Each structure stands twice: as structure tokens, then as C-alpha cells.
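This briefing goes through the fold, the cores and the individual helices of the protein shown below. Please keep the sequence and the structure in view while reading.

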Amino acid sequence: MKYFFSIILTLVIVVCHAQVQRRIDSLKKVLLIPAHDTVHFKIMVNLLNAEKKVDLNEAIKTARKLYKLSENLSDKFQADAAWYLGMTLYKQGKINESIEMSEKSLNYYIEV
């Protein structure tokens, strides 16, 4: 019986991983469509959240792109992007960089 539940759990994990990967692939396709930067920002946030479940290295790359994109937008977007980047860095154990981005995020939020 224990072996049976182990197999079922493994299958559930594989199916969930496949669903997340399909979502990531779909979001990447949507990013190729020309749109306003604010729309791309929101899509990238969804992409980042999906990638954090599968691959933290890809999530950090996306978070850095998100932060770069936010430089063309308002302080609110910069604050959000810095927060997302800081939290993603924290999940990967890059504490010093995480603190730096969190402080930037706080400063942007204070300005807003």
C-alpha cells in the first residue's frame, strides 16, 4: 500500500510540473506579442511566479528583466520589480543582494 501511494504522489508531481511548464511556455509566447510595457510587466510577473516553482535560475533571469523593464515605468512598477527580484534572490540564498533589492523596493514605495 505504501508503494502505491508513492507512485500516485510521483504521478501528481509530474502532472503538476507539466502544467506549470505549459503555463511558462504560454506566457513566453504572449511576451512576443507587441504590447505596452505595463502589459508585459504583468505577464512577466506571472511568468516569474510560475518559474519559481520549476527553476529558480530562470526565475532570477526573469526578475532581472522585470526590474530592467520597470526602469521605463513609474516608481510603483520599480518598487514592485525590486521586491520581486529581492524575494527571488532570497529564495536562492543570495541574502546580500536580496537585502539590497528589498531596500530599493522600500525606497521606491516611500516615494510612491
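The model is predicted, and the protein averages a pLDDT of 87, with 86% of the residues scoring at least 70.

**Overall fold and confidence**

- The secondary structure consists of five helices and zero strands, which gives the pattern α-α-α-α-α when read along the sequence.
- Of the 112 residues in the protein, 32% are buried, while the protein exposes about 7400 Å², of which carbon and sulfur atoms supply 61%.
- Among contacts with a separation of 6 or more, 51% are between residues 24 or more positions apart.
- Confidence is lowest in helix 1 (residues 2-31), where the mean is 73, and highest in helix 3, where it is 95.

**Nonpolar cores**

- In soluble globular proteins, nonpolar side chains tend to be buried together.
- The largest nonpolar core in this model has 20 residues, and those with the most contacts inside it are Phe 41, Leu 48, Leu 66, Tyr 67, Leu 85 and Met 101.
- Two or more residues of this core come from each of helix 2 (37-54), helix 3 (56-70), helix 4 (75-91) and helix 5 (95-111), and helix 4 gives the largest share, with seven residues.
- Apart from this core lies another, of six residues, including Ile 24, Ile 43, Leu 47 and Ala 50.
- Leaving aside residues up to four places away in sequence, Met 101 touches Tyr 67, Ala 82, Leu 85, Gly 86 and Leu 89.

**Helix 4**

- Helix 4 has 17 residues and reaches 24 Å from its first C-alpha to its last, which is close to the 24 Å expected at 1.5 Å a residue.
- Its buried residues are Phe 77, Gln 78, Ala 79, Asp 80, Ala 81, Ala 82, Tyr 84, Leu 85, Gly 86, Thr 88 and Leu 89.
- Helix 4 is followed by Gly 93, a residue whose phi is positive, near 90°.

**Helix 5**

- Helix 5 also has 17 residues and a reach of 24 Å between its first and last C-alpha, again close to the expected 24 Å at 1.5 Å a residue.
- The residues of helix 5 that are buried are Ser 98, Met 101, Ser 105 and Tyr 108, and because they cover an arc of only 85° around the axis, they lie on the same side of helix 5.
- Asn 96, Leu 106, Ile 110 and Glu 111 are exposed on the other side of helix 5, whereas what covers its buried residues includes helix 3 and helix 4.

**His 40 in helix 2**

- His 40 is found in helix 2, and it counts as buried because its relative accessibility is 16%, where buried means under 20%.
- With residues up to four places away in sequence not counted, His 40 touches Leu 31, Ile 33, Pro 34, Ala 35 and Leu 69.

Terms used
Residues numbered from 1 in each chain as written. Predicted model: local features only at pLDDT ≥ 70, side-chain atom pairs only at ≥ 80, totals over all residues. Heavy atoms only, no water. Helix = DSSP H or I, 4+ residues; strand = E, 2+ residues; numbered from the N terminus. Buried < 20%, exposed > 50% of the residue type's maximum accessible area, 1.4 Å probe, protein only. Contact = heavy atoms within 4.5 Å. Areas by Shrake-Rupley, 256 points an atom, 1.4 Å probe, with all protein chains shown as cover. Core = buried A, V, L, I, M, F, W, Y, C linked by side-chain atoms within 4.5 Å. Expected span 1.5 Å × (residues − 1). Arc of directions from axis to C-beta. pLDDT = per-residue confidence, 0-100.
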